[in-house]
Structure formats: C-alpha cells, structure tokens
Protein chains: 2
Amino acid sequence: MSQTRREFLAFLSAVPLASLGDRPDSADGLPGTMVVNGERLRRHLEGLSLFGRQADGTFASGVSRVGYSDADVAGRSYAMDLMRQAGIEPRVDAAGNILARRPGTDDSLAPLLFGSHIDSVPNGGNFDGDLGSLAAIEVIQTLRERNMTTRRPLEIVVWANEEGFAFGNGLCGSRAAAGQLVEGELDHVWNGGKKADAIRRIGGHPDRISEARRTPGSFACYLELHIEQGGTLDRAGIPIGVVEGIVSIDRYEVTIRGMANHAGTTPMPDRRDALIAASHVAIAVNEIVTSEPGRQVGTVGQLVVVPNAPNVIPGLVRHTIELRDLSADKIRRLADLVRSRARDIATRTKTTIEITHSSHHEGAMATPEIQAIIEKAAAAVSLPSQRMPSGAGHDAQMMATLGPMGMIFVPSVGGISHSPQELSRWEDCTRGAEVLLRSVLLLSR
Amino acid sequence: MSQTRREFLAFLSAVPLASLGDRPDSADGLPGTMVVNGERLRRHLEGLSLFGRQADGTFASGVSRVGYSDADVAGRSYAMDLMRQAGIEPRVDAAGNILARRPGTDDSLAPLLFGSHIDSVPNGGNFDGDLGSLAAIEVIQTLRERNMTTRRPLEIVVWANEEGFAFGNGLCGSRAAAGQLVEGELDHVWNGGKKADAIRRIGGHPDRISEARRTPGSFACYLELHIEQGGTLDRAGIPIGVVEGIVSIDRYEVTIRGMANHAGTTPMPDRRDALIAASHVAIAVNEIVTSEPGRQVGTVGQLVVVPNAPNVIPGLVRHTIELRDLSADKIRRLADLVRSRARDIATRTKTTIEITHSSHHEGAMATPEIQAIIEKAAAAVSLPSQRMPSGAGHDAQMMATLGPMGMIFVPSVGGISHSPQELSRWEDCTRGAEVLLRSVLLLSR
C-alpha cells in the first residue's frame, strides 16, 4: 500500500460517519435537500444522445456510439464543451482519456478522481456510462454555482473505449492508466484498422501511451456513478446501490471449422456442419453455467457464419464466450468444463473447435470505507441504499488496482441494459448525481 | 401435353436406341472417339474464373459471382464473347437470360434448348453452372469446326441468378421463362436494391418481364450438363450420371425475438436469449431430418445475430431453414415437425419464433426417353453411366414444366460443391461435354 493510500484510508477512518446522517447540513456543507440540477443533467444526457443516435431518430431508439467511431469522436467533443461550460479545461491523455481538473484549496494533495465513459455497444442505450460522465460534470457545475471549493483538487474523467466492442477488449483507457494494456495491443486490427490509429482518431498519442499511466499516489480515491444494468434495485424499489465489488470477466474466441458444402447434394451423415457444432457449444455454455448454484453468468453474444448462405452447409463459425463471476477461479473452472464438452462436440460433429482465451478482466472489491461514505451521502438526502455486487465490468476495477475505489448504482428499469430499451428514471439519475456530489464533498475535505 | 411435345416424344420413341451402342459412328455422324476440344473448354473455364475470383488470386481459391453483381455482369460479358467466337449472336431476354440460336436445316422445327448458369454462391467454386454453360458453347464451336448442321435449330442459354443468394430465391431466369415468378417478386429488396433494378443491371427489362416467358411448344426439349455436387459418381468411379429427377426444395425464414440485455448483469434465469433458442432450432432441424430413413436433407445455412457483441445477450436472430427431398410431401411433413419443436423451444427459452415459408421449388422428373438417349450417347464413347437423383435444384426443373428434360452429371471430387474446394477433373469435364454434344446430335436429328 502506498504512503498516500495509507494516509487517505486513515483520514477516511477518522470521518465521523455516525454523525453524517444526523446532521447532513453540517457534514458536507449542503442542506438536506437535493442541490444538483436534474433538469440540466437530463438536457445534457439528451444532448449527448444525438451522437450515434439510431436511424429512427428518437431518444428511445438508443445509440450506437462504439469507441473510436465518428459518433464517439462527436460525443467526446460535446462532453468537452460541457466541461468548459462548467469552468474546467479538458485535456486528452495519450490513451485518449478525457481529463479535467478543478483546483482545491490545497493543491499539494492528490486529487479525488471520478467519472465514467461515453462509448456504447452497438444498439445500446443512453445511460450506460453517459450518466456517470455527465453527472461528474454536473457535480463540478454545481460546486461552481455554489462557489464551493473543496480542499482536495477534483479531477473528472471520461475513459476511452470502455465497452471494447471495437478491438474486442474493453476498459481500454483505464487499462492504459493502470498499466494493464496487453502485449502488442496497439497493433490489434479491427474493421481494417489498427488500434494505434483508432486512438489517434480520438486525440491520443499511441506512440507515447505510457504517459497515460497513473501512479498509485496520483489520486486519493476513484468514484464512479453508473446505472446498475441489472434489475435488483428496480425490483426492490431502492434508489441507490453501493457496490461491494466488480466481477471478473473472461472472454474466449471460438473458431469452429467444418466443411462448406452444397446443402442439397451432401447426405446428412457426410456433413461437417460448423453451425451445428456451434449450436451445441452455445447450449453447453448455458448448461454448464446454470448447473451449479451462484451468480455466475455465461454468454455467447457474437457469432458469425461463413459463407452464410441458405444453400451452403456452414464451413466456419467464429463466436465468443464470455464468463463472469466475483470469483476468478470459478470462471476458470467453468471454462475448463466448456473446453471438455467442446472436445466431445468436435468429435461428434466431425469439426475442429479451437478455443482461445482472448481477455481476462480481474474483478475488484470496493474499499469498505468508501462504501460507508456513499451510504452516508445517500442518507444525508434521505435516500435508502443497498450494498450489491456489480455483474458488469467497469473502469473502476482498473482504478482499484491503484487506489481506493467506490461505485454508486442507480436503478435500471426492468434491468435492461446494452439495449435501446435501457432506461433509468430521470429522478433516479438526479438522485445518483446528488449522492455522487455529496460523496465527493465528504471525501475531498 | 402440347402437340409439339407429343410429336417430339413420338420421335424419341422411334429412335433406334438399341443400335446406337453398336454403331456409334453412324448414329450421330461422329467417330467413336471424343471430338470436343477439352483443352479449349478448360481455357474457357479458367478464363471465366477470373470474374469474381477471391482475393488470394488462384483458380483454386474459388469465386464469388453472386447473381446481378459486378462480377456476374463481367462474367456474362465474357460468356457472350465466347458465343460470338463460336459463330452465334447472343441476346439478353427480359429476365436477363442470355440466349443464342444456331439455325438448323429445318428452322420450322422447335429448337433443342441447352445450357446452365454462371452465377455462384459467395465463396463458391468454378464448376457449378460454369461447366454446363461453357460446354454448351463448346458444343456449338465443335459443330462449327466440323461444318455440321443439325436438322433442328439449337438454342443455348445462360440462366440469370440460378443460385438465388441475391434476393433469397433462386432459378430466377428459368422461373421467369416458366412463368413462375412469385407475386411482387420484382419489388423484393436485397442489399438495399430492388430486384427490378438488379435485372436491369444485367441487361433485362423487368417492366416487360413476361416477354421472357417460353411456351410449351417453344423448344423441343431441354438438356443441361452439370457437376453432380455430391459424391456418388466420384466414389463409384463412374464418369457420367444420368439424372432421374430433381428434388423439391422448401426454404423458410426464421425470426427469433428474445431480449437484448447486458451479458454481465442479467441473471441466467431472467434471460431471453435468441441465440440459445436458435441453437436449439438448428439442432432440432438436424435431428428431425435424420430421424427417419431416406435421402432427405435439412440445413440451417444462414444465421445472423443482433446486436452481435460479446457482452450483449442476443436479442434477435434471423436464420434460414432449407429442406430437400424428391417427395414434396415429405419435406412439408418435416417442416411441420420443426414448427412443432420450435413452439416448445420458444416456450422454454421465453422467446418468440416466427417461421415463414419463403420459397418452394417443385422437383421434377427427367423424361425417361431422354435418360435413355444420354445413356446411349455415353456408351457411344464407351463411358459408363449411372442413373441418379439430383439433390440440388437446377433450372432444368423449370424447363421440365414446359417440355421434355434431361440432365447429365459429371463427378465432383470428394462430393464438394458450393465451396472453393469444388473440383471436377478436366477429363471428366471433357467427357461431360462430349456426352452433351452427342445427346444434342441424337435429339436434333
């Protein structure tokens, strides 16, 4: 543990948490009612939704703002304008992350870092990442309007390519900051272009990517507001989730080779159908993951057939497998079971099945003291909260490798995310931003 | 049966078949050795393979010459040049079929029609359709060099969009000739364009498509040389197949709707995964088709996942089902079994599964008298032959609705087709062209 971290945690322990709920107005310098501007936050979220908006043209039709795409570049420009309006000047680091700093009264202290991302999956929603990014700006704007200066400097961040649809590996900006890019990653090719060039598109400098690295002492702690993306809070009717930890994620690339052949003249027993094999693998993943108790999940989300014609037996299928659980050991064990089943399937279907481990995102536990601070911040404005794990990966898990980390969740209606139907009620968005503001104030004293 | 057809069949019955094998040199006016120019036929096939050739650039890398594509337009132009070199002038009919006529000594007689197609599936081979089309030209070229004129006029044809990868329904040119286009077919949209415009691209006139229609008396009989596309002849070591009939083909479009959602935050029991449902359907098709005796085949060849990202549960899958058998009733019954299984799968996976019948190609029996002629033509050059069904659909089945029909098969090495590995030995191509030539001579006396 670094010197700074140890000192910061000692400071946290000294915060009179028990008193916050009783005298919220004195604990963070704000009244016991919400002070962020929910109307402005909504306007900004609706504004951001224009970049990558789907063809049918409404907010509800969702957004395709894949990292490094034109829509991403345009959305980032919009976010940077909002930062300027909030009185802080954005800069883009070597990995393409957008950072902006607001001075504190003691600039010798490490800043409090908070933010999220604005890239989306294809056909995604308007809240995943966007809320945490624009709420961070809203916090700065609110402090400015109230002429409040924190003791610690504040630093907000919009991480690059969190979703990882482009180049098949997410948390790109925060991994660069944590020094966890993989060997040769900048040379990876996707859609005919190299990752290094994609990073240049968003203003980064891949040739000096190491400059994006943060040291363990470079921030006091990291906070991220995010939509839950699952249905736990919505079902329970609780507006604030306090994240206990983030699951580990393993991704695999599966390549199944059969033999492309005429769908009319090739007798059934002579076939080597790669799609039949892939169907068995997809079902096996589902069966293996659900065959033991726990919250682990497994998904075949991407699948491509070659040559993909109605009258040709599929000769080649490529698909992904993604496994998630708080226990990294458990998903490694589940992957072994999948490999074993795949060997049987390959024999039975006369195909070859190659399973390559393409990425591992190590989960992370949130700092217990910060969980307590978030609970108290919620209580200060009379919002019930609940502790819960995060089934989704977040940039916060990378920051957890460098310093204390905490995350705030707000409800996703119906638990729907990565979909145009993704929705968090505006009042819940405002509540989340308010809890973020108060957590920032409590942590930056 | 039309007057012409009845007369032609009466003529066929009068041909002294028994004598042909004994005195081949006198029966068709040619010596008992092969006379087509196999070297030239090979050169022409290699020439045609340049249009739509795959990126790696060799004949063996196959061809993507989808109907109406640029590659198709270029290949058609090449074929028309070959016709001109053989002394016949091509014309393009309203449906985009290429036709060219060689006069007979009695032009009051209906012509003998023969040919095939030159469009391919994506990543297809260099023999499917190409052989029958270019062998038809080779027959004309050979007759010209030998100064032979048949009694009946000859007409050769290159049918438009046989494979039907474009617009999802094949035999387009021959269906237009048989008056079997489906209601509204010219308005069908594929790849952002209408079928009418696609037909215009290849020189057709969709606004007067009915002009492409042939009447039952407009040709004496139809012949087509084709690669087998299955492995029967190759395994048996027999160079010539005499087709008994062509299977019926039904195609279905399946749309499976689940719910796109985050692959990390959606617990397994809450999922409505369209790809899991599709996997069960693909396996069900395979099981149902193989669960009873017979030569029927069933294929899920095309499948698309939406949104197709590693970290999103598939919300939508569209895929095809294709069923084939000589018995149209049998494949209708099998489709009913698939529908029934799909209902269970939909319930079990909390998805909706919609199965739409997108096309039916009625099979056809080859005319027995023409089968006998082909056998005799093969025997005239001492080539063993074997009667067999065709598991693939062919334009010949449309012509069978208008008049007598026969098909000649040559072996496909390893039974591989609709694949870059598709291969028919050059000597077998030459043999097929020779049998086509002799059948034409026997039938056009």
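This report walks through the symmetry and a few backbone features of a predicted model.

## How the two chains relate

Let's begin with the overall arrangement. Chain B can be superposed on chain A by a rotation of 180°, with 0.0 Å of shift along the axis and an RMSD of 0.0 Å. That is the relation of a two-fold axis. Both copies use the same surface, as 100% of the contact residues of chain B recur in chain A.

Which residue of chain B comes closest to the rotation axis? It is Ser279(B), whose C-alpha lies at 2.1 Å.

## Cis peptide bonds

Now for the backbone. In chain A, Val306(A) and Pro307(A) are joined by a cis peptide bond, with omega about 5°. To find Pro307(A), look in the loop between strand 12 (303-306) and strand 13 (312-313) of chain A.

Chain B has a cis peptide bond from Val306(B) to Pro307(B), where omega is near 0°. Pro307(B) sits in the loop between strand 12 (303-306) and strand 13 (312-313) of chain B.

## Positive phi angles in chain A

Two loop residues are worth a visit here. Tyr68(A) is not a glycine, yet its phi is positive, at about 75°. This residue belongs to the loop between helix 4 (38-48) and helix 5 (70-85) of chain A. Is Tyr68(A) buried or exposed? Tyr68(A) counts as buried because its relative accessibility is 4%, and the cut-off for buried is under 20%.

Phe167(A), also a residue other than glycine, has a positive phi near 70°. Its place is the loop between strand 4 (154-159) and helix 7 (172-177) of chain A. With 10% relative accessibility, Phe167(A) counts as buried.

Definitions and conventions. Residues are numbered from 1 along each chain as its sequence is written. Chains are lettered from A and ligands numbered from 1 in the order in which they are written. This is a predicted model: local features need pLDDT of at least 70, side-chain atom pairs count only at pLDDT 80 or more; totals for chains, interfaces and linings use all residues. Side-chain values use heavy atoms; hydrogens and water are left out. Copies are superposed by least squares on the C-alpha atoms of residues with pLDDT of at least 70 in both. Contact means heavy atoms within 4.5 Å. Helices (H or I, at least four residues) and strands (E, at least two) are DSSP runs, numbered from the N terminus. Buried means under 20% relative accessible area, exposed over 50%, partly exposed in between (1.4 Å probe, protein chains only).
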